Amino acid sequence: MEFIEDIFSEIDDREEDLHQLVALLKKYLPDGSFQLVLNSGKSVSSGDKLDLSRESCDKLIDMAIKENGLIHHELHKTRLMHAMLIKELDATLIFVLPTQDPDSVLKNYGLSDVKLCIELFNSQKAHLEEQDLRKIQKRQINRKVKVLENKYNEILSDNLKANEELREHSRLQQKILDTAATAILTTDAQGRITTANEEFCSSTGFSKDDVIGKHRDTLSDRSCKTDCSLFKADEKQQIIKKRCTIRTKDDRELIVIKNAGTIYDRSGRFSGGVESFIDVTDLVKAREAAEAANIVKMEFLTNMSHEIRTPLNGIIGMAELAFDTNLDDEQKNMFYTINNEASSLLDIINTILDFSKNNAEKTELEEIPFNLRILTEDIAQSFAYRAEQKELHFVSYLTPEVPTQLMGDPGRLRQILVNLAGNALKFTEEGEIYIKGEVAEDHKDWVKVRFLVKDTGIGIPKDKQSIIFECFTQADGSTTRKYGGTGLGTTISKQLAEMMGGEIGVEGEEGMGSTFWFTAVFNKQKGHVAVQKKDKISLKDLRVLVVDDNQTNQFVLTEYLKSWGCRTETCSGKDALSVLRESVLSEEPFNLILTDFHLPEVTGFDMAKEIKKMETLAKIPIIVITSIGKIGDAKSCRDIGIDGYLAKPIKQDDLRKVIESVLGFSKEENPKGQNLVTRHTIVEDNRKEVQILLVEDYPTNQKLAMKHLQTAGYQVDLADNGQQAVEAFKRKQHDLILMDIQMPVMGGYEATKAIRNLEIELSKIGDKKDSAKSEKIPIIAMTVHALKGYKEKCLEAGMDDYLTKPFRRKELLDIVEKWSRSRSIKGKQLPTRLGLCSGENVEFKEADAKKSAIDSAEPFDPELTAEGLVAGQNPKSKTDKANAPINFEKAIAEFDGDKEFFIGVLEGFFENVRGQIETLRQAVSDGDADLVRREAHSIKGGAANLTADELSQIAFKLENIGQSEVLEEGFEFIGRLEKEFQRLEAYASNDKTA
Amino acid sequence: MPTAEEMLKKFNDTKTLPHVALRLAQLISNENTRISEFEKMIKMDPTLVVRLLRVVNSPYYGLRRKVDSISRAVVVIGMKSLRNIVVTTGIKEVFAKGPHEEIFSRAQLWLHCAAVGICSQMISERIFGRAGDDAYLCGILHDIGIIVEDQVAQDLFVQVCQNYTPNAKPFVQYEKETIGTDHCEIGHLLALQWNLPADVQDGIKDHHKTEGEILPSSLTGIVQTADYIVSRLNYKAIPEMQLNLSKDLGIYIRDNMEEFKAMTKDLPDELSKAKELYESEGE
């Protein structure tokens with residue numbers, strides 16, 4: 001206690017204590033006088049007044065403190081004073097006791113009493129203080145308990161709150177689980193299911209009680225450990241997404257998409273997993289069904305197109321044959337219409353076929369060499385006539401930067417251009433159509449070309465431009481009704497452009513015309529150097545006046561001329577004469593005039609006449625550019641003195657050739673002579689430049705010959721019959737024609753004669769100095785008639801050589817090589833081509849008229865031919881594989897070892913023959929001997945090519961029956977044919993699998 | 001002469017206080033702090049977790065069952081108590097021995113602060129019957145300004161200590177004259193910065209104030225009283241430090257002498273029980 005007294009000594013108030021002690025002393029010793037004085041400060045006192053001076057008081061206290069107890073002191077020698085230190089109170093008691101008898105027994109009685117009283121007081125005080133302390137301590141402990149109680153309650157309520165939050169949270173989670181649209185389950189570390197939600201129950205049929213506690217692997221065939229790589233220690237935090245299966249209560253298997261994750265407890269120990277899945281069984285099945293349906297749809301479309309094509313070919317063929325019969329004008333018109341309509345139907349079907357093939361991604365692009373300039377100019381050429389009919393300008397222009405010797409699929413490129421140009425033509429009533437090709441990207445080995453097809457037609461509203469490339473969509477449903485068409489053209493174009501590594505798009509506004517554009521990537525032909533300009537006459541610095549009112553034409557002509565170094569001037573028709581007159585006076589007169597025939601105020605002829613009348617201008621050569629079919633009279637051109645003609649659309653090469661030839665004629669008269677050197681012939685030794693026209697009706701043979709020729713690097717165009725061949729001859733310059741003899745519509749002899757007649761006609765119209773002989777195109781007959789005398793017959797018909805079918809690859813290539821090399825001058829002179837068009841109708845009649853005569857002139861010797869075939873072609877098969885319907889080894893060798901292609905051809909052949917057998921049956925029952933002959937003939941050739949000799953022989957016999965027009969045995973032979981064919985098919989399918 | 005703000009800024013730049021402790025002090029002063037966040041923060045310092053658990057399980061809290069996790073500790077002793085342990089543990093480090101032990105001993109100051117903290121809590125709980133957590137916090141931090149002074153302006157502070165003569169002028173007067181500010185002002189700013197409860201801030205600011213009315217049950221009153229009692233027990237902040245009690249408090253103590261005596265009687269026992277709380281490792 002002492003140290004505490006000390007701590008609070010400054011503050012403590014002890015007066016009360018002093019009073020109490022004095023009162024106690026007074027109680028027991030009423031006679032005494034007592035005064036208590038605090039040692040510190042010595043000021044506070046209590047009790048009786050002893051009338052002590054300050055000094056006396058201090059002296060007594062000091063003495064008591066010194067003595068540490070009781071002292072007696074006689075003050076002033078009169079008063080005996082007692083002083084006693086009371087440590088407990090830090091005070092001193094000064095007292096006087098009443099005087100006693102000195103002799104009394106009870107001496108010092110008073111002093112003892114005082115001591116006792118003080119002790120009593122001290123013990124009472126200590127007791128009280130002890131009591132008080134206990135009381136206060138109890139009170140304080142109670143307070144602290146209260147504090148702790150409050151604190152505890154606070155903590156408790158906090159905990160309750162936290163608990164309630166947790167419970168709320170867990171209720172929410174349960175709600176989320178049960179509301180979730182995906183099935184959710186959790187497992188413990190051993191994979192036993194601990195919870196499952198409502199969706200789980202409804203999708204699997206299990207109740208919660210069914211599954212909780214079960215191992216999750218009971219829900220599937222494969223363990224999740226292996227299936228989902230779940231529950232692997234290293235998959236921490238990661239959510240695994242898997243498609244797998246879950247077994248339902250009624251033992252169905254659901255296909256599910258599952259998310260699964262692992263759970264780890266606070267100490268990082270693996271404690272379980274969560275799985276959540278969606279049942280996609282129906283979706284998967286629906287998708288599979290949709291995919292299958294789409295395949296079926298596309299196959300159906302493809303098959304249907306094939307199926308429709310076959311009878312359609314019949315319709316077209318028959319309609320064409322009907323032309324040969326005696327028809328009056330009305331009937332002719334009807335057949336013409338049938339033919340036209342059937343042809344457009346065929347076009348539509350072909351388009352659909354293309355679309356469905358592209359859609360099924362079955363189309364494979366070719367990678368063959370082609371000349372882009374020739375291709376675009378050809379297209380322009382083919383559109384020119386139709387454009388002319390609608391009085392539209394049709395211009396095609398390839399910028400000089402565009403490389404022309406390219407690799408790619410010219411057929412497909414052509415298809416896009418024809419589609420777009422066809423649309424432009426369809427939707428344009430006036431103005432012009434402009435096809436342009438330009439370089440989009442030029443790289444070392446490849447080039448990206450951008451093509452534009454611009455028209456001044458009805459245009460496409462902006463909001464419809466994006467859907468124009470979707471399937472079966474035109475800008476407006478009504479356009480289909482008004483203009484016809486499937487609306488697939490642009491879709492196919494898009495597919496093809498994208499396959500060629502490009503894009504497609506359209507610009508323009510409604511009523512303002514459209515510009516369709518697309519890009520395509522082509523490899524450049526390797527090792528090809530642009531040599532054509534070398535060795536040619538230089539046209540550098542040639543002064544040319546271009547008279548044309550059409551801006552686009554003017555532009556294209558000027559661009560071509562500039563690319564050769566010419567210096568050009570342009571003017572309209574009405575200014576031409578004045579421009580020319582002025583030029584006479586200038587330093588540099590014109591060397592050449594290029595004028596359009598259709599000038600707004602004066603025709604090209606009339607202007608030429610005017611020019612020729614003027615002495616100063618008469619010597620300037622004039623080339624008139626005219627539209628096909630307009631210039632009926634080439635003679636009048638020459639009469640007027642026009643030096644050259646050129647039909648629109650202008651081809652760059654043609655223009656050049658005409659200019660060269662025109663300037664060549666006027667060489668002597670040319671006052672300056674200039675740089676015009678002699679005309680060189682370009683030795684064409686590049687096979688890639690050799691254009692072959694293959695005339696063949698039978699698809700198998702078409703494919704075969706095409707494959708051989710294209711592989712060897714030739715450019716091949718195909719004509720299905722003689723008439724097409726004649727058309728092709730007129731449209732395009734070929735270097736060689738391979739001509740089948742027996743074909744529908746127009747046979748090989750007739751076609752050859754028609755072509756030869758045309759050539760004579762052309763040579764008359766054209767330049768007199770160029771002999772007709774050098775212009776003769778080599779025509780090689782392809783015939784199965786390996787008989788003596790046939791060669792003569794072929795040569796008589798105007799052919800140059802002949803090839804016996806079935807031919808070997810080498811034979812074909814040798815003969816083609818021989819005749820393409822011999823033809824050193826490539827290309828005919830241009831004025832010649834111009835004349836072709838005017839003679840169109842005449843030649844056809846001639847050719848048609850001769851047809852029957854030539855056909856009937858074919859001799860008939862079945863035995864010899866059959867033996868020749870067997871002995872000549874297949875001696876080995878007779879011995880080694882006598883029973884095999886086909887000699888695969890040999891046939892594949894014929895196809896250069898290209899087995900895949902051979903199988904393709906074979907399958908094509910099978911498909912054809914299946915149809916032909918039906919056709920033959922029908923023909924026999926209809927008594928159509930000629931049809932029997934023709935069908936049998938084609939089967940014979942095809943079979944022989946594929947080394948199916950037995951089939952070929954039976955077909956040959958059937959052909960003879962048809963030839964003899966006695967059809968009684970027809971059915972029997974068709975039966976034999978069919979049997980052999982089936983044997984062949986079975987053999988082939990066995991062999992393929994082996 | 002630097003202002004209190006400048007000194008505090010400099011002090012903060014020295015990053016003397018552990019980051020976790022600071023962050024925790026802020027978390028605790030926010031009413032909405034969740035136990036989980038608090039626990040997460042503490043767990044960032046594994047030694048802190050060990051220390052906290054040791055303190056929680058010390059005789060000072062007198063728990064019957066051993067506590068083995070922070071969340072459990074929170075549940076058992078409450079967030080505020082835990083906060084106090086965190087703060088105590090956090091600032092203990094800055095009271096490590098300084099270079100002028102003979103003139104001013106940081107360790108001595110730390111014992112003083114710990115004792116004032118514990119005594120304040122006792123006064124609050126045993127005399128006023130109120131939760132003593134904030135009183136403890138105020139007590140343990142009341143002289144934190146001295147540490148700042150010693151850290152940032154040591155020469156000046158040593159000068160103050162040397163010049164100080166008991167009974168002449170109050171200590172803060174010397175500080176103001178030599179340093180330009182005093183530890184009450186600095187401590188107050190720090191409390192403000194840590195976003196401590198308002199009465200804790202006031203208690204730190206006013207613990208040497210003698211003029212004006214001071215409510216004995218306020219934190220200021222409690223800390224002043226505790227400061228007085230502890231200094232009498234020779235747990236002095238500065239050797240020879242003479243404290244003046246405000247008049248109001250003197251009267252109150254005299255009038256309730258028995259209470260204070262009883263409380264003080266138990267103080268040494270409490271201090272020894274709380275050794276785990278304020279003694280440094282290894283001591």
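Reply: A residue is buried if 20 or more other C-beta atoms lie within 10 Å of its own, exposed if 12 or fewer, and partly exposed in between, with C-beta atoms placed from the backbone. Two notes on the model itself: it is predicted, so local features need pLDDT of at least 70 and side-chain atom pairs count only at pLDDT 80 or more, while totals for chains, interfaces and linings use all residues. Residues are numbered from 1 along each chain as its sequence is written, and chains are lettered from A and ligands numbered from 1 in the order in which they are written.

Me: Is N68(A) buried or exposed?

Reply: N68(A) is exposed, because 9 other C-beta atoms lie within 10 Å. This residue has a positive phi of about 55 degrees, although it is not a glycine. N68(A) sits in the loop between α3 (54–67) and β3 (70–75) of chain A; helices (H or I, at least four residues) and strands (E, at least two) are DSSP runs, numbered from the N terminus.

Me: And T947(A), buried or exposed?

Reply: T947(A) is buried, with 25 other C-beta atoms within 10 Å. Its phi is also positive, about 65 degrees, and T947(A) is not a glycine. Look for it in the loop between α30 (929–945) and α31 (949–964) of chain A.

Me: Let's turn to chain B. How many helices and strands are there in chain B?

Reply: Chain B has 17 helices and zero strands. Of its 283 residues, 49% count as buried.

Me: Which residues of helix α11 of chain B are buried?

Reply: In α11 (residues 171–178), they are F171(B), E175(B) and T178(B). They lie on the same side of α11(B), because they cover an arc of only 80 degrees around the axis; the arc is that of the directions from the helix axis to the C-beta atoms. Just after α11(B), G180(B) takes a positive phi of about 105 degrees.

Me: What covers those buried residues of α11(B)?

Reply: The cover includes α10 (154–163) and α12 (183–193) of chain B.

Me: Last one: how many residues of chain A are in contact with chain B?

Reply: Two residues are in contact if their C-beta atoms, placed from the backbone, lie within 7 Å. Here 21 residues of chain A are in contact with 24 residues of chain B. On the side of chain A that touches chain B, the largest share, 15 residues, comes from α4(A).
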